[in-house]
Amino acid sequence: MSEELILYNVKGRIAEITINRPDKAHAFSIEMLQTMYENLIKADKDEKIKYILIKSTGTKFFSAGYDLKEIQGSPEKVKMITEWGRKVNETMLFLKKPIITQVQGIAVGFGVLMILASDLRIFADRPLEELYLRLPELAISAFPQTGATLLPLLAFGLSNAKRLLFTADKIGVDELKNINFPTRVFALDDLETNTQAFIKQLTKYQKEFIFFTKTMLTIMNKTYVKACFDLEDECGKVAYAKDKSYEQLNRFIGELYKKYT
């Protein structure tokens, strides 16, 4: 890259990964996804690190999701961004070290999925027009993959997951607080300072207790989670295929029920 679009910094026991593409609303290119994955692995291997913090620069956007202009008209790039998007979210779920997202602005699509894939979420206390989560996949004719059905289901439950996906509604901090989604909510001006203080307190815990707690919870759900990612990918391949009859769709859905239930 000509400039660092993903920054990596270590502060004590915390590895900070910062999305740094404000001119593109922190939209992820394929190369940025690859760098994000590499940094997650680097942090997990560093024996000094206990927690991983993901955040972005500026105040307007946390992340606008995938860079759709990069992949427009290129099936090969669509395939690559889907593969790397899944890889990042799956890695976030399965790493032994807890991941915290610091959310200061708007998150859309993959930006939302990263927040959902994290273990703890710290939000700035801002009005709906300044900070919201939105999953517009169906509305923009993008098939919901890379965790776009699984992660809302895990975080919000079935009813709210359906609402977010079918309506592309914006969900703000006040509504998120009503369902106990944010781990902490701080004033925007105090977000950075209070987030650091919060994580610093968590790093005082014994590392074995931290790592084993996430690992146990992950193992309890890993088979289910991987099957859900596979289900999304299998449906995505058929969804983008052309000339499917109604009968073929029904038959395929019936086969899915047999395979996954």
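A crossover is right-handed if, with the strands pointing away from the viewer, the path from the first strand over the helix to the second runs clockwise. In this structure, β2, helix α1 (residues 30-45) and β3 make a right-handed β-α-β unit of that kind. Helices (H or I, at least four residues) and strands (E, at least two) are DSSP runs, numbered from the N terminus.

This is a predicted model, in which local features need pLDDT of at least 70 and side-chain atom pairs count only at pLDDT 80 or more, while totals for chains, interfaces and linings use all residues. Residues are numbered from 1 along each chain as its sequence is written, and side-chain values use heavy atoms, with hydrogens and water left out.

**The six-stranded sheet**

- An open sheet of six strands has the order β1-β2-β3-β5-β7-β10, with mixed pairing; two strands pair if DSSP finds at least two bridges between them.
- β1 (6-11) and β10 (184-186) are the edge strands, each with a single partner, so one side of each has no neighbour in the sheet.
- From one strand to the next, the twist averages 20°.
- Strands of a sheet pair through backbone hydrogen bonds, either parallel or antiparallel.
- Strand β2 (residues 14-19) runs parallel to β3 and is joined to it by six bridges; Glu16 stands opposite Leu53 in β3.
- β3 also pairs in the parallel sense with strand β5 (residues 99-103), over three bridges; here Ile52 stands opposite Ile99.
- Strand β7 (residues 120-124) and β10 run parallel and are joined by three bridges, with Val185 in β10 as the bridge partner of Phe123.
- Helix α8 (residues 191-202) lies across β1, β2, β3, β5, β7 and β10, and runs at about 160° to β7. Such angles run from 0 to 180 degrees between N-to-C directions, using axes that are lines fitted to C-alpha atoms, for helices over the stretch in contact.

**Strand β3 and burial**

- Why is strand β3 (residues 51-56) largely enclosed by the rest of the structure? Six of its six residues are buried, so the rest of the structure largely encloses it.
- Buried means under 20% relative accessible area, exposed over 50%, and partly exposed in between (1.4 Å probe, protein chains only).
- In a regular strand the side chains alternate between the two faces of the sheet.
- Both faces of β3 are covered: Tyr51, Leu53 and Lys55 are buried on one side, and Ile52, Ile54 and Ser56 on the other.

**The four-stranded sheet**

- Four strands form an open sheet in the order β4-β6-β8-β9, and the pairing is mixed.
- At its edges are β4 (61-63) and β9 (171-172), each of which pairs on one side only.
- Helix α4 packs on this sheet and touches β4, β6 and β8, its direction making about 100° with that of β6. Contact means heavy atoms within 4.5 Å.
- Two bridges join strand β6 (residues 106-108) to strand β8 (residues 132-134), and the two run parallel; Ala107 has Leu133 in β8 as its bridge partner.

**The nonpolar core**

- A nonpolar core is a set of buried Ala, Val, Leu, Ile, Met, Phe, Trp, Tyr and Cys residues joined through side-chain atoms within 4.5 Å.
- The largest one has 64 residues, and those with the most contacts inside it include Phe28, Ile52, Phe123 and Leu133.
- Helix α4 (residues 110-117) gives the largest share of this core, seven residues.
- Beyond four places in sequence, Phe123 touches residues including Val103, Leu133, Val185 and Leu191.
- Leu116 is in helix α4 and counts as buried, at 5% relative accessibility.
- Leu116 and Phe156 are 40 residues apart in sequence, yet 9.3 Å apart in space, C-alpha to C-alpha.
- Leaving aside neighbours within four places in sequence, the contacts of Leu116 include Arg121, Leu151, Phe156 and Phe181.

**Helix α3**

- The expected span of a helix is 1.5 Å times one less than its number of residues.
- Helix α3 (residues 75-94) has 20 residues and should span 28 Å; its end C-alpha atoms are 28 Å apart, which agrees.
- Among the buried residues of α3 are Ile81, Trp84, Val88 and Met92.

**Two residues with positive phi**

- Most residues other than glycine have a negative phi.
- Ala168, which is not a glycine, has a positive phi of about 60°. Ala168 lies in the loop between α6 (158-167) and β9, and at 9% relative accessibility counts as buried.
- Asp243 also is not a glycine and has a positive phi, near 60°. Asp243 is in the loop between α9 (207-240) and α10 (246-260), and counts as exposed at 78% relative accessibility.
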